[in-house]
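Subject: Model handover and notes

Hello,

Please find the structure below. My notes on what was found in it follow directly after.

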Amino acid sequence: MTTVEQIKQALQKLDPERVEIEDDSDKHAGHAGNTGGGHYNLLIVSQAFEGLPLIKRHRLVYDQLDTLMQTQIHALSIQAKTPAEIQR
């Protein structure tokens, strides 16, 4: 299973309506501090984010990806939106 597939699977606990992941790892290969994990851009749309400030939304995502953040993800850019926000 690829890292992108593992990320999608781990985020299922947030019952997302939409998950889009862009793998930017090839643009960052070999830079200082990278111990082999990939670089990803994430858009996740879930009702779980309703009423939460940005920091708590990101915390929910990081909590689901904890093990992957320690091993396979070096950098993660997160856009965490509610369904209503994405429709605007």
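In helix α1, the buried residues include Thr 3, Ile 7 and Ala 10; buried means under 20% relative accessible area, exposed over 50%, and partly exposed in between, with a 1.4 Å probe and protein chains only. They span an arc of only 70 degrees around the axis, so they sit on the same side of α1. That arc is taken from the directions from the helix axis to the C-beta atoms. The buried residues of α1 pack against β1, β2, α2, α3 (66–71) and β3, where contact means heavy atoms within 4.5 Å.

Before going further, the conventions. This is a predicted model, in which local features need pLDDT of at least 70 and side-chain atom pairs count only at pLDDT 80 or more, while totals for chains, interfaces and linings use all residues. Residues are numbered from 1 along each chain as its sequence is written, and side-chain values use heavy atoms, with hydrogens and water left out.

Overall composition

The protein chain has four helices and three strands, arranged along the sequence as α-β-β-α-α-β-α. Helices (H or I, at least four residues) and strands (E, at least two) are DSSP runs, numbered from the N terminus. Of the 88 residues in the protein chain, 35% are buried. Among contacts in the protein chain with a separation of 6 or more, 65% are between residues 24 or more positions apart. The accessible surface of the protein chain is about 5500 Å², and carbon and sulfur atoms account for 46% of that surface; areas come from the Shrake-Rupley method with a 1.4 Å probe, and for residues only the protein chains shown count as cover.

The sheet

The three strands form an open sheet in the order β1-β2-β3, with mixed pairing. Strands β1 and β3 are at the edges and have a single partner strand each, so one side of each has no neighbour in the sheet. On average, neighbouring strands of this sheet are turned by 15 degrees against each other, direction ignored. Axes here are lines fitted to C-alpha atoms, for helices over the stretch in contact, and angles run from 0 to 180 degrees between N-to-C directions.

Strand β1 (residues 18–23) pairs with β2 in the antiparallel sense over six bridges; two strands pair if DSSP finds at least two bridges between them. Bridge partners in β2 include Leu 43 for Glu 20 and Asn 41 for Glu 22. Strand β2 (residues 38–45) is mostly covered, since seven of its eight residues are buried.

Helices on the sheet

Helix α1 lies across β1, β2 and β3 and runs at about 155 degrees to β1. Helix α2 also packs on the sheet, where α2 touches β2 and β3, and its direction makes about 130 degrees with that of β3.

Thr 3

Thr 3 belongs to α1 (residues 3–10). Its relative accessible area is 14%, so Thr 3 counts as buried. Leaving out residues up to four places away in sequence, Thr 3 touches Tyr 40, Gln 72 and Ile 73. With Gln 72 there is also a side-chain polar contact of 3.0 Å. A polar contact is a pair of N or O atoms within 3.5 Å; within protein, one must be able to donate a hydrogen and the other to accept it, and residues adjacent in sequence count only if both atoms are side-chain atoms.

Arg 57 and Lys 56

Both of these residues lie in α2, which covers residues 54–64. Is Arg 57 buried or exposed? Arg 57 is buried, because its relative accessibility is 8%. Lys 56, at 49% relative accessibility, is partly exposed.

Outside the four places on either side in sequence, Arg 57 touches Phe 49, Leu 52, Ala 80, Lys 81, Thr 82 and Glu 85. The side chains of Arg 57 and Glu 85 are joined by a polar contact of 2.7 Å. Arg 57 and Ile 78 are 21 residues apart in sequence, with a C-alpha to C-alpha distance of 9.2 Å. For Lys 56 and Ala 80, 24 residues apart along the chain, the C-alpha atoms are separated by 9.9 Å.

Regards
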